[in-house]
Amino acid sequence: MASVETAAEHERILREIESTDTNCIGPTLRSVYDGQEHGLFMAKLDIRIRNHDREIEKMCNHHFQGFVDSITELLKVRGEAQKLKSQVTETNRSIQGEGKELMSSMEELRQCRVQQRNIATTMDKLTHCLPVLEMYRRLQEQMEAKRYYPALRTSEQLEQTCLPRAGQYRFCAIMAENLPKLRTQIRDTAMTQLKDFLESIRKHSDKIGETAIRQAQLRRSLDISVSSGVPGAPAHGGVARSNGELELNPGVLDMGDEEEPEQVSGAQDLVDFSPVYRCLHIYAVLGLRDVFENYYRKQRRKQARLVLQPHANMHETLEGYRRYFNQIVGFFVVEDHVLHTTQGLVNRAYVEELWDLALSKIVAALRTHSSYCDDPDLVLDLKNLIVLFADTLQGYGFPVSQLFDMLLEMREQYGEILLKKWNLTFRQVLDQDNFSPIPVSDEHEYRHYTSQFPLQDPELEKLPFPKKLPFSEFVPKVYCQLKEFIYACLKYSEDLHLSSTEVDDMIRKSTNLLLTRTLSHCLHYAIKKKNVGLAELVQVIINTTHLEQSCHFLEEFISNITNVPPDTANATKLYGTSTFKDARHAAEAEIYTGLNAKIDQFLQLADYDWMASLTGGTAPTPSDYLLDLMAFLKSTFSVFTNLPGKVAQTACMSACKHVSTSLLQLLLDPEVKQVSMGALHQLNADVDECEGFARAGPVAGFQGDTLLLAFSDLRQILELFTQWDWSAYLADYGKASCKYLRVNPHAALALLEKLRESSRKNVVFAQFRKTERDRQKLIDAVVRQLRNLIAQHHA
């Protein structure tokens with residue numbers, strides 16, 4: 001069974017070999033060698049090969065005659081083929097000779113067609129490349145010409161439109177690589193120009209501000225001309241710009257010679273804003289607008305802090321303030337122009353924030369530096385400069401109410417400085433015054449003084465020349481200085497946008513301070529000086545009287561310059577009347593004090609012999625010192641003729657009372673232990689002399705013997721002792737009809753005890769005299785009665 005299966009398998013493999021492509025018999029042969037009967041297979045294979053060889057041989061024998069015939073035919077055809085070959089070769093030769101020229105023409109035609117195609121292709125490529133090259137050339141020219149914003153636009157168009165159309169060329173790749181570098185260069189260059197611009201306006205902001213302030217000043221002067229009726233002047237517009245802003249056309253920063261005031265160039269002629277616009281546009285195109293805005297605002301804030309920082313010695317000169325204001329105005333003129341000429345680089349909120357910061361720092365700086373100033377002219381110039389500064393910025397739309405509020409605060413400081421200045425002026429006038437009536441020799445001199453001071457005295461005008469004005473040089477000088485002070489106050493009030501009523505009230509309050517504080521102190525200073533005599537004090541009283549009468553003229557003067565009627569409701573009244581009254585009262589008191597001091601000097605010369613004995617038969621004569629005193633009083637009161645009546649009367653009464661009181665004090669002096677009747681008679685003679693002086697009427701205006709009442713106390717006590725009228729005194733004491741009503745029992749007792757001591761001394765030496773003993777007993781009795789009287793009334 002195994003050999004039959006093997007034979008069948010070998011048969012199958014042989015058939016497969018016969019029917020299969022020789023390339024695929026490998027697996028079949030492998031299956032033979034994988035088995036154990038390959039020898040048997042090889043035998044079968046040899047048998048099959050011999051069978052096929054026999055079949056091939058049979059087939060070849062069958063077709064051999066046909067093959068021989070075919071060869072014979074082929075040999076016959078070979079000769080014909082040789083002929084045909086010769087003919088074809090000849091024909092080919094002739095054709096080659098004849099077509100050579102045609103082939104040459106065809107080659108030329110092919111070359112021409114290739115060239116035409118290349119030319120067309122080249123032209124097409126150049127059509128896309130030439131614009132790129134042209135645009136790149138234009139870009140280079142723009143960069144060389146520093147026209148960066150057009151260059152940026154060109155590079156954008158080149159990158160987005162032209163380069164994609166040109167194709168993938170190396171020069172295009174180089175251009176594409178260079179464009180970002182060009183943009184960076186443009187951005188950096190624009191930023192450099194912006195930094196240069198910022199540095200330039202920082203350095204020249206004072207010049208910009210000076211020009212803007214001069215423009216405002218020129219406009220204000222033109223407005224004043226219009227309001228004054230000057231023909232041809234422009235309409236009133238303050239310092240405000242037309243349409244709300246001052247047009248600043250870009251120009252070249254020119255810091256050359258200044259023009260004349262009537263040809264003041266605008267701030268726009270000093271500044272070239274193109275770097276700002278250029279940088280803004282460039283950064284906007286690059287998509288970096290926010291970066292640029294933040295940088296610009298940050299840098300300008302830094303510059304604002306520098307501009308707002310005042311110089312340490314700014315308060316010393318007006319030029320320091322002017323430079324400070326010029327820088328600030330220049331800074332905000334630039335910001336205002338940038339606000340109105342750019343779209344959003346700075347906005348109104350940003351500018352207002354900067355201005356609020358600036359305003360607070362400006363006000364603080366001015367308050368600090370102006371407080372060091374003690375020159376009223378500098379303060380006034382500073383005020384005018386601040387007003388011009390405020391009006392300039394107000395014309396650009398900035399609120400400046402705080403500046404005017406600060407000016408009103410400075411008004412108080414200005415007033416204090418004026419008061420100090422006028423204090424020195426008044427003291428100088430007082431020190432230089434001779435306190436003598438002014439002599440005038442002719443009408444011209446008289447009108448000169450009456451033009452300075454409103455003297456209205458019809459009686460004086462009727463007097464012939466030469467004559468004397470009742471007051472000294474002090475009066476017209478003080479009156480003129482009062483008017484000068486009012487003018488100085490008015491100058492400060494100008495241009496502060498105050499109403500006439502407010503100006504009037506401000507001037508009146510300041511004038512009141514000048515009168516009640518400064519002039520009052522100066523007058524008291526003049527009155528209290530050590531070297532001022534009674535004649536000078538009298539002249540002070542006369543002067544203050546005339547100044548007091550001139551107060552209503554000052555009222556009218558203020559009303560005329562402020563156009564506010566003096567009878568306006570709530571109008572402040574001048575306190576000059578009370579000031580001059582107080583000064584006059586002080587002078588009067590000083591006269592009384594000085595007169596009494598002079599009297600005391602005479603009384604110090606009094607040398608009474610308190611133990612003097614009675615002279616028989618002859619009345620004692622007045623003391624020499626008292627005669628001198630009376631002569632002095634007569635000459636003094638003769639000077640008082642120009643004084644107001646009551647003042648002279650009061651002075652005379654005061655002097656008489658002081659003499660009376662001083663003599664009584666001499667009599668009752670505790671150090672005087674003993675007093676004789678002779679001394680009392682001597683004192684009585686002196687009192688008689690004083691009463692004679694009083695009866696002579698040294699000062700007019702006393703009714704009857706009113707002046708004698710000044711000596712009534714002394715007179716009654718002397719009469720009581722010299723007439724020894726104790727019974728009447730003791731009996732009528734306390735009654736209104738008492739003859740010795742003005743005798744004080746204590747004074748009477750003290751004098752009586754001094755008299756008793758004197759009597760006791762006399763009794764020691766004359767103890768055997770019955771008269772003296774009786775007198776001593778009488779004195780002792782009166783002393784006891786006086787003591788009882790005092791005790792009763794005291795209880």
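User: Where is Pro 466 placed?

Analyst: This is a predicted model, in which local features need pLDDT of at least 70, side-chain atom pairs count only at pLDDT 80 or more, and totals for chains, interfaces and linings use all residues. Residues are numbered from 1 along each chain as its sequence is written, and side-chain values use heavy atoms, with hydrogens and water left out. Helices (H or I, at least four residues) and strands (E, at least two) are DSSP runs, numbered from the N terminus. On that basis, Pro 466 is placed in the loop between helix 13 and strand 2 (467-469).

User: Is the peptide bond from Phe 465 to Pro 466 cis or trans?

Analyst: The angle to examine is omega, which is near -5° for this bond.

User: Which residue lies over the face of Phe 465?

Analyst: A charge sits over a ring if NZ of Lys or CZ of Arg is within 6 Å of the ring centre and within 35 degrees of the ring normal. The charged end of Lys 383 sits over the ring of Tyr 492 in this way, 5.9 Å from its centre. For Phe 465, at 4.4 Å from the ring centre, the residue is Lys 467.

User: How many aromatic pairs are counted?

Analyst: Rings of Phe, Tyr and Trp (its six-membered ring) pair if their centres lie within 6.5 Å; planes under 30 degrees apart count as stacked, over 60 as edge-to-face and the rest as tilted. By this rule, the number of aromatic pairs is 26.

User: How far apart are the end C-alpha atoms of helix 14?

Analyst: The expected span of a helix is 1.5 Å times one less than its number of residues. Helix 14 has 20 residues, so it should span 28 Å; this agrees with its end C-alpha atoms, which are separated by 29 Å.

User: What is the phi of Asp 495?

Analyst: Asp 495 follows helix 14 and lies in the loop between helix 14 and helix 15. With a relative accessibility of 38%, Asp 495 counts as partly exposed. Although Asp 495 is not a glycine, its phi is positive, at about 65°.

User: Is His 497 buried or exposed?

Analyst: His 497 is found in the loop between helix 14 and helix 15. Phi of His 497 is also positive, near 60°, in a residue other than glycine. Since its relative accessible area is 57%, His 497 is exposed.

User: How many salt bridges does the structure hold?

Analyst: A salt bridge is a side-chain nitrogen of Lys or Arg within 4 Å of a carboxyl oxygen of Asp or Glu. One of them joins Glu 416 and Arg 517 (2.6 Å, N to O). That pair links distant parts of the chain, 101 residues apart, with Glu 416 in helix 11 (residues 401-432) and Arg 517 in helix 15 (residues 500-528). The number of salt bridges in the structure is 27.

User: What separates Glu 443 and Arg 447 along helix 12?

Analyst: The side chains of Glu 443 and Arg 447 meet in a salt bridge (2.5 Å, N to O). Glu 443 is partly exposed at 34% relative accessibility, and Arg 447 is partly exposed at 42%. Because they are 4 residues apart in helix 12, the separation of Glu 443 and Arg 447 is about one helical turn.

Conventions
Buried means under 20% relative accessible area, exposed over 50%, partly exposed in between (1.4 Å probe, protein chains only).
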